[in-house]
Amino acid sequence: MALRHRSSCGTGWVRPTSDPIFHSFSIFQTEILIKLLAGDSCCARGIGRLQQILQSNIAGVYVHSIEIGANEQEDFANSYFMSVNKQVEQVCRNISSNPLLQNGYHAIGFSQGGQFLRAVAQRCPMGMRNLVTLGGQHQGVFGLPRCPPGSAVICTYIRQLLDKGAMTDFVQERLVQAQYWHDSLKEEEYRSKSLFLADINNEVTKNATYKENLQKLKNFVMVKFLKDSMVYPDESEWFGYYCPGQATEICSLRNSTLYQEDWLGLKAMDQAGKLKFIPAAGDHLQFTTEWFLKTIVGPYLSS
């Protein structure tokens with residue numbers, strides 16, 4: 001059976017080793033933690049289905065969903081309009097206060113949830129073992145091509161804000177997608193004004209703690225959707241991006257300064273066999289249950 005997940009750019013799952021799943025961030029107990037996409041919520045139907053799949057195929061797994069807000073409506077709105085840094089802080093508090101996650105967990109991030117959970121790994125890892133990101137935008141995006149069903153009005157507003165100036169203080173402070181907007185034509189402006197992405201990628205201040213914490217992962221698994229019509233450029237899903245100064249030629253992760261100077265420890269992780277680059281044949285967040293079980297659950301979430 002095929003699964004299709006709603007998205008505009010983000011969602012996530014996490015799993016602890018003993019076993020939890022958490023919302024907008026979600027958690028498993030071998031445990032699993034889940035972070036959702038933009039335009040999704042903790043109680044969305046697709047997430048419920050994934051939770052059922054995990055519970056049916058991992059003995060004793062525990063799934064815990066966290067709302068970023070007081071209810072499902074706030075959770076949905078916050079996926080567009082709440083500071084990413086504040087969302088990460090809230091997730092860190094939830095992890096630290098959940099006794100079921102204290103012995104370690106695995107994390108899964110869907111779309112924008114991928115880079116949000118990586119921020120959790122860097123800022124408050126607290127036992128994160130495997131991080132799996134599906135369609136995450138680790139180097140950001142330079143376009144918002146389409147939106148999830150039912151979100152046309154919100155997406156029109158977002159495009160207007162991004163067009164007016166994604167790097168302005170007004171937009172950066174109010175729009176989630178602007179906080180991982182990466183204009184490769186204006187690298188200096190991006191680095192000086194980005195409130196989230198430039199920081200977690202160690203592009204301004206080289207935070208040694210970020211580098212140390214990320215390397216604590218056993219595996220950092222990045223899934224790229226080969227027919228992705230949502231993420232521009234889709235190489236961001238494997239930590240690549242447009243080469244600086246233009247928006248046509250792609251530089252892979254291994255050809256980037258971030259990798260070669262090892263700002264985040266990714267080069268060391270790659271040499272240690274901790275980086276996994278996995279292709280998926282479909283469009284953004286489209287995959288079959290069989291593929292998910294064989295490629296993700298079996299190797300990275302079941303032990």
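**Cysteine pairs and a helix**

Reply: Happy to! In this predicted model, Cys-243 and Cys-251 form a disulfide, with 1.9 Å between their sulfur atoms.

Me: Which hand does the disulfide of Cys-243 and Cys-251 have, left or right?

Reply: Look at the torsion about the S-S bond of Cys-243 and Cys-251, which is about 105°. Cys-243 itself is buried, at a relative accessible area of 8%. Because the torsion is about 105°, this disulfide is right-handed.

Me: Thanks! How many disulfides are there by this rule?

Reply: A pair counts when the cysteine sulfur atoms lie within 2.5 Å. Besides the pair above, Cys-92 is joined to Cys-124, with an S to S distance of 1.9 Å. That pair links distant parts of the chain, 32 residues apart: Cys-92 belongs to helix H3, and Cys-124 to the loop between helix H4 (112-123) and strand E7 (128-134). The count comes to 2 disulfides.

Me: Is Cys-124 buried or exposed?

Reply: The cut-off for buried is under 20% relative accessible area. Cys-92 counts as buried at 12% relative accessibility. Cys-124 has a relative accessible area of 10%, so Cys-124 is buried.

Me: What span should helix H3 have at 1.5 Å a residue?

Reply: Helix H3 has 14 residues, 84-97. The expected span is 1.5 Å times one less than the number of residues.

Me: At the start of H3, which residue's backbone nitrogen does a side-chain oxygen of Ser-83 reach?

Reply: The side-chain oxygen of Ser-83 comes to within 3.3 Å of that nitrogen. The residue reached is among those buried in H3, which also include Val-84 and Gln-87. The backbone nitrogen belongs to Asn-85.

Note on methods:
Residues are numbered from 1 along each chain as its sequence is written. This is a predicted model: local features need pLDDT of at least 70, side-chain atom pairs count only at pLDDT 80 or more; totals for chains, interfaces and linings use all residues. Side-chain values use heavy atoms; hydrogens and water are left out. Helices (H or I, at least four residues) and strands (E, at least two) are DSSP runs, numbered from the N terminus. Buried means under 20% relative accessible area, exposed over 50%, partly exposed in between (1.4 Å probe, protein chains only). A polar contact is a pair of N or O atoms within 3.5 Å; within protein, one must be able to donate a hydrogen and the other to accept it, and residues adjacent in sequence count only if both atoms are side-chain atoms.
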